[in-house]
Amino acid sequence: MIALPLFLLAGGATWLFWRSDMRAGVLIAALVCGYALATSPLANAIDGIGNGIGAAISNANDSAAASK
């Protein structure tokens, strides 16, 4: 369960480096933040949200094409 605290810490570091205009720090902190989020228990939930949004957009496009 180290992934969630690491995500929060790296997210804070990303914000801090962004505010201080340290581009290399932003890149490294954002990569660590993304890795922590991808390996966290929330990864499946985030993937499910993305799949749901994709399905909704696909259904909206299909219904728009069918009504023409």
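User: What radius of gyration does the protein have, next to that of a compact globule of 68 residues?

Analyst: Happy to start there! This is a predicted model, where local features need pLDDT of at least 70, side-chain atom pairs count only at pLDDT 80 or more, and totals for chains, interfaces and linings use all residues. Residues are numbered from 1 along each chain as its sequence is written, and side-chain values use heavy atoms, leaving out hydrogens and water. The radius of gyration is taken over C-alpha atoms, and the globule rule is 2.2 Å times the number of residues to the power 0.38. A compact globule of 68 residues would come near 11 Å, but the protein has 18 Å.

User: How many helices and strands are there in the protein?

Analyst: Both are DSSP runs numbered from the N terminus: helices are H or I of at least four residues, strands E of at least two. Along the sequence the pattern reads α-α-α. The protein has three helices and zero strands.

User: Is α1 roughly parallel or roughly antiparallel to α2?

Analyst: Helix α1 (residues 3–19) and helix α2 (residues 23–38) pack at about 160 degrees, their axes 8 Å apart. Axes are lines fitted to C-alpha atoms, for helices over the stretch in contact, and angles run from 0 to 180 degrees between N-to-C directions. Angles under 35 degrees count as roughly parallel, over 145 as roughly antiparallel, 65 to 115 as roughly perpendicular and the rest as oblique. Therefore α1 and α2 are roughly antiparallel.

User: Which element has the highest mean pLDDT?

Analyst: pLDDT is the predictor's confidence in each residue, from 0 to 100. Helix α3 (residues 43–66) has the lowest mean, 83. The highest, 86, belongs to α2.
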